[in-house]
Each structure stands twice: as structure tokens, then as C-alpha cells.
Amino acid sequence: MADTRQRIIEATYACVARWGLAKTTVEDAARQAGVSRATVYRYFPGGREELLHDVVSWEFVAFFLRLYEEVQGAASLEAVMERGIAFAHRSIAEHEVLQRVMQTEPETLLPTLTLESNRIREAIAEFLLPYLLEHGLAEGVDPRQAADFLARMVLSYMASPGRWDLDDAGQVSRLVREELLAGVVVGPEPRGGSRT
Amino acid sequence: MSDRAVRLQAVPGRAEARSDRTAPQRVRIVDATLDCLARQGMAKTTVDDVARRAGISRATVYRVFPGGKVEILDAVVDTEMARLFSALGARMGAADDLADVLVGAIVEAVTRVTTHPALTFLVEHEPSVVLRHLAFDESNRLLATATRFLGPFLARWMDPEESARVAEWSTRIVLSYCISPSDEIDLTDPRQARHLVETFVLPGIRALREPDTTAPIDLAPFTADRPAAARSGTVRPAATPTARASKGAHR
């Protein structure tokens, strides 16, 4: 049962990758998944709109699962953030479907992405919290507030690098240490060295 | 204010220069459009609606904006950005302590954005209209514009490169809290904004200056009163904030 739902989602994603969001219909998704239209509606009673919304959510969550994998095992807060920002930047830049849909039909994609990023922000904050506590917070910093602030900033740089070149490991390192962590933790480790 | 608005429209890629003759009508049309947007949103607003609301003929609207609705909406975005930046500039220029400058700008920006009648209507009813200006490439453009206009107001405390960076950073903070309001932090409240600036932003500025030290945070070098302690030669308070700002970031 979960398999059928998953199959429909993946089939729909394949259609979106080929034709874009606007041109993908319930029929296309059903044909691609090898199920009937009625089956698609059974799993997605809201029809096309619900299906497309769920596909965007699914890929977005999948992206963050990949990100989670990437930062697993990072030894320090700095390393988690550096790896995470660099990986996310690369993944977004290389995500062909995302880039194409953003060019051609951002209006379909963005409301869902924005909603999802609120959920993801909470997930990032949860993930960072133990690292923050372990690292030691600067005096007067509330850990939850700090985690939320960092999650917001991480999402901001992911979506728009602005003046930063996030392909450059040195710049990512500066960004993390100077702009993101300086106020939050006891003292980020200096670049290229470990704390003494 | 309209003076600045006209200058801001010279931003590359935006409307070309126009004769001064149409300037008052431009503002009237823009303001009428804002009224329409705040009541009925973007999709339902027509050039006829705008003309009626502005109390001028449809033909006049097209004379001022030959491109019709699309061109009017571009002008609305430009004008509102210019008004926002003017207000921020005034607020930042009036403060004489770096923390006050940042707190003032953040409070002013978040308050204006979250209470803007047209914007709040669109966010609620036609979110994608607003969001497309806030994601990926468009967001990079917005950050660049904000940085260009706000950076110079920080030049009393830091060099142009640092000012640009801090301006961009502050813009990100404002955008994040406007797009996804926090249950816990209300940045329209100066006290809470100050807490955020003092906790997260000022130490970052400090680290920016001395990236390889973990020295405790000392705000002294950044206050207008005590510029001498700042990195020698690069930081000098301008005679008046607005004089410095109007000259731009480069000396």
C-alpha cells in the first residue's frame, strides 16, 4: 500500500522532470506508474494539486535526508555546518529539475517550498541543538533560540548565496565561523586548526 | 522621498529614464495601484481599476506606462523598495551607535514589510506573486540591491567590504523573520531586536575583524564615540551620517 503511493509519487516526479509541473496531469502520473486514474485518486483525493504538492514535499524531504547523511559523523559543530552548507549549495545548483522548474514555473513550486522550509527549519534546529550544547554556548545565549537562528541563516544561504562563493571551502569556513557561530558558541575553532 | 525614488529607478534592468513631466502622475498611478492591490490583489487589478482610482484617464495611464500593467507593477516594486530604503536610510543615519543602527533598521524593515497593506494582502491571497522575488536568483538580486543601498550607512564603523557584508547579513535576518515569523522573537519589538543583534550579529562583526582570535566581545571599537580603538586608518566617523551615506561606500 505504501509502495503504491510511493510508486505514484516517483512516477509523478519522473513526469515533472520531463514536462514540468504545469503540464503534468493525473493521467500522466497514472500511466507512468502503471496504475489506474482511480487508484491515483484513492491515494491523492485532492487530485492533481495534492499530487504535485506531495511530490515537491517528497523531493524536498529527500533532499534533506541526503543532507542529513552528508553531515553524519562530522566531528564538530563547525564541521557540520560547513559540510551541510557546501553540500546543500552544490545539490541545489546541480538539481536539474529544481533549476528548470524555478526558471519556468516558480509560482507553482514556491508556496510549497516555503511551507516545507518552515518544517525543515525546525528539523535543522533540532539537529543542531545537541551540537550546540556539546560545543558550549556563549554567555546569555538561549540554546533553542540559537538553533533556530542558525537554521534560518543556513536556509537563507542555501537559497541565495548572495555575495558568498559557496563552492569555495575557505569562504564557507569563514561564513560559518565569523558570520554564523561567532555570537553563538564559546568561541568557534580558528580556521584550519583545532581549539586548544 | 520621491527624489530618491526617481534615482532608485535607475537600477540596471529597470525602467529607463523618463521626462520629469510625467513624474507626479507616475507616483499617483503607483499609489493607486497599491490601493488596488491591497483590496483585490494582483490578478484582479486592471489598468482600468488603477486609472479610476487615480482619477485619471486610461489613456494617460498608458502614456505614462506604455507597457501597461506589467510596467506599472515593476514601477510599484521599485517605488516601494525605494520608499523602504529611504525610511531605513533616515533611521540608520539618525542613530549614532552601531547597535542602534542595526536595531533601528531591522525594526523599521520588519515593521514596514509586515504591515504593508498591499504586501500583506498578496502574501495571504497570492503568495507566489511575492515569493518569486524572494527565492534563488531573485533573492540574490534583492540582497544585492539592499546591500548596495544599506551598506553605506554602516561605513562609519567599517570599511566598504565589511559594510556590504553586514548589510547583506542583516537583510537575510529581516527576510527570514518576515517570510517565516517566529513564535518566540518579534522583531518589530525594539527590545527583542536588540537582543538578537547583540547576541548574534555584533559578535559576528567582531569576529569579522579579528577572524583568528576568540577574544571576548568588546563593542567599544564600533561606537561612534570611540573610533580610535578601531582598526587603525580604516574607521573614522563621518561628520554626519547622511553626508557619509550620500557619498557612498567608497572614499
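Phe64(A) counts as buried in this predicted model, because its relative accessibility is 10% and the cut-off for buried is under 20%. Phe60(A) is buried as well, with a relative accessible area of 15%. Both residues belong to helix 4 of chain A, which covers residues 47-71, and they stand four residues apart, about one turn of the helix.

Counted over all chains, the structure holds seven aromatic pairs. One of them joins Phe60(A) and Phe64(A): the ring centres are 5.1 Å apart and the planes meet at 65°, so the pair is edge-to-face. Together with Phe63(A), these two residues form one aromatic cluster.

In chain B, Phe85(B) and Phe149(B) form an aromatic pair that is stacked, with 5.5 Å from centre to centre and 20° between the planes. Phe85(B) lies in helix 5 (residues 68-94) of chain B, whereas Phe149(B) lies in helix 9 (residues 136-150) of chain B, so the pair ties together parts that are 64 residues apart in sequence. The two partners can also be described by their accessibility: Phe85(B) is buried, at a relative accessible area of 6%, while Phe149(B) is partly exposed, at 21%.

We can now turn to the place where the chains meet. The contact takes 36 residues from chain A and 35 residues from chain B, and the area buried between the two chains is about 3200 Å², with carbon and sulfur atoms giving 58% of that area. On the side of chain B, Phe136(B), Arg165(B) and Phe200(B) supply 24% of the area that this chain buries against chain A, more than any other three residues.

Arg165(B) also takes part in a salt bridge, in which its side chain meets that of Glu178(A) at 3.1 Å, N to O. Across the interface of chain B and chain A the rule finds three salt bridges, and the count of residue pairs in polar contact between these chains is 13. Helix 8 (127-131), helix 9, helix 10 (160-179) and helix 11 (190-209) of chain B each supply at least two residues of the side that touches chain A; the largest share of that side, 10 residues, comes from helix 10 of chain B.

Finally, charged side chains of one chain meet aromatic rings of the other. Arg152(A) lies over the face of Tyr177(B), at 3.8 Å from the ring centre, and the charged end of Arg172(B) sits over the ring of Tyr157(A), 3.8 Å from its centre.

Terms used:
Residues numbered from 1 in each chain as written. Chains lettered and ligands numbered in written order. Predicted model: local features only at pLDDT ≥ 70, side-chain atom pairs only at ≥ 80, totals over all residues. Heavy atoms only, no water. Phe/Tyr/Trp six-rings, centres within 6.5 Å; stacked < 30°, edge-to-face > 60°. Buried < 20%, exposed > 50% of the residue type's maximum accessible area, 1.4 Å probe, protein only. Lys NZ or Arg CZ within 6 Å of the ring centre and 35° of its normal. Contact = heavy atoms within 4.5 Å. Buried area = accessible area lost by both parts, 1.4 Å probe. Salt bridge = Lys/Arg side-chain N within 4 Å of Asp/Glu carboxyl O. Polar contact = N/O pair within 3.5 Å; in protein donor to acceptor, adjacent residues only side chain to side chain.
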